[in-house]
Amino acid sequence: MSANTVPTGTGPAGPVSTGVVPTAKPIKTTGLHIGDAEPGCEKIDPILVVDNVRRTFGGLTAVDVDHVEVPRGAITALIGPNGAGKTTLFNLLTGFDKPDSGRWTFDGRSLAGVPAYKVARMGQIRTFQLTKALGLLTVMDNMLLGATGQTGENMFRALMPFLWRNQEEENRAKALDLLTRFKLDTKKDDYAASLSGGQRKLLEMARALMSDPTLVMLDEPMAGVNPALTQSLLDHILNLKSQGMTVLFVEHDMHMVRHIADWVIVMAEGKVVAEGDPHEVMKNPAVIDAYLGQHHDEDIGEDLSAETENVSAIKELLNDER
Ligand SMILES: Nc1ncnc2c1ncn2[C@@H]1O[C@H](COP(=O)(O)OP(=O)(O)OP(=O)(O)O)[C@@H](O)[C@H]1O
Ligand SMILES: [Mg+2]
């Protein structure tokens with residue numbers, strides 16, 4: 001198993017692009033891999049193992065991953081320029097999309113062909129880049145939808161309320177506890193549509209925790225979140241690890257990646273092009289090339305926000321002050 005060590009280099013020094021000041025110094029998990037930190041390298045205790053997963057859209061190869069392993073009990077960041085295939089890989093691994101070919105295991109069990117709801121029940125849960133909170137349901141109802149294995153879902157049992165009432169009460173209590181932790185308890189009876197973008201992200205994350213996941217996959221959890229809420233989101237992500245969960249998250253903000261990630265996997269044009277400790281990987285020329293390549297290829301007028309995201313990523317990559 002991996003050893004926990006306090007990093008010597010991570011601190012509040014350096015530019016903070018999100019304006020986030022860490023409340024506590026994250027305890028970095030080290031000793032995660034075997035051999036050199038290179039694309040596809042073996043992990044000491046992998047929770048996810050992916051082999052030859054490929055997804056094309058017409059002539060475009062969105063994902064073409066030969067081999068990648070995600071370490072258990074750590075926070076892994078999946079980074080890469082816009083269009084690198086990060087969300088597509090998330091969709092494939094969680095059963096929201098089907099690959100052209102490939103196989104992968106979660107906790108030693110094969111997940112190829114397993115539908116999304118079963119993947120979630122097995123303990124691998126994800127959130128979406130564009131939040132999927134159901135606006136016309138209340139915050140509490142959104143939470144209750146996140147509970148898995150509800151007895152009331154079964155038709156036969158649904159007819160016998162005594163079988164599920166207790167569970168429903170337990171789920172409500174659990175939801176309220178999570179909502180309190182995410183400071184959304186006062187909103188429990190409001191429609192999710194009335195929440196701010198950041199609060200919706202918090203709701204999505206809180207809902208994901210209703211099913212007691214083992215692996216939490218977050219697709220750009222900070223995107224569009226007001227700086228007032230980014231700190232609490234960040235703390236929540238760190239808490240997931242301290243509660244024993246594994247986290248895989250997609251993020252463009254390199255400062256945040258450096259601050260909370262134990263391991264970084266870099267994708268470009270569908271492939272894993274680099275892996276490593278956050279500080280080491282950001283010095284890797286292949287990573288800078290991936291972002292610069294994207295920068296040169298793009299028409300600035302086409303997608304200014306994506307362009308700005310990549311440019312600030314490059315600046316942060318080059319600005320590793322530890
Ligand atoms: N449903 C789809 N149909 C056609 N092309 C798609 C589809 N989904 C993704 N793509 C294409 O696949 C490539 C990878 O997209 P993806 O959304 O996975 O990238 P990403 O790394 O998540 O990017 P971003 O950082 O902008 O979120 C892109 O070129 C995208 O346009
Ligand atoms: Mg994406």
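Me: How many of the 13 residues in helix 6 are buried?
Reply: Eleven of the 13, so helix 6 is mostly covered, where buried means 20 or more other C-beta atoms within 10 Å of the residue's own, placed from the backbone (12 or fewer is exposed, in between is partly exposed). Helices here are DSSP runs of H or I with at least four residues, strands are E runs of at least two, and both are numbered from the N terminus.

Me: What sort of model and numbering am I looking at?
Reply: It's a predicted model, where local features need pLDDT of at least 70 and side-chain atom pairs count only at pLDDT 80 or more, while totals for chains, interfaces and linings use all residues. Residues are numbered from 1 along each chain as its sequence is written, with chains lettered from A and ligands numbered from 1 in the order in which they are written.

Me: What about the open sheet, what's the strand order?
Reply: The order is 4-3-6-7, with antiparallel pairing; two strands pair if DSSP finds at least two bridges between them. Strand 4 (60–71) and strand 7 (109–110) are at the edges with a single partner strand each, so one side of each has no neighbour in the sheet.

Me: How many bridges join strand 3 to strand 4?
Reply: Ten, with strand 3 covering residues 46–57. Arg-54, for one, has Asp-64 in strand 4 as its bridge partner.

Me: Which helix packs on that sheet?
Reply: Helix 1 (residues 86–93), touching strands 3, 4 and 6, with contact meaning C-beta atoms, placed from the backbone, within 7 Å. Eight of the eight residues of helix 1 are buried, and Gly-95, which follows helix 1, has a positive phi near 80°.

Me: New topic: which residues are closest to ligand 1?
Reply: Phe-57, Ala-62, Asn-82, Thr-87 and Thr-88, out of 13 surrounding residues (C-beta, placed from the backbone, within 6 Å of the ligand). Strand 4 and helix 1 are the elements giving two or more residues to that shell.

Me: Which element gives the most?
Reply: Helix 1, with three residues.

Technical notes. Two residues are in contact if their C-beta atoms, placed from the backbone, lie within 7 Å. Axes are lines fitted to C-alpha atoms, for helices over the stretch in contact, and angles run from 0 to 180 degrees between N-to-C directions.
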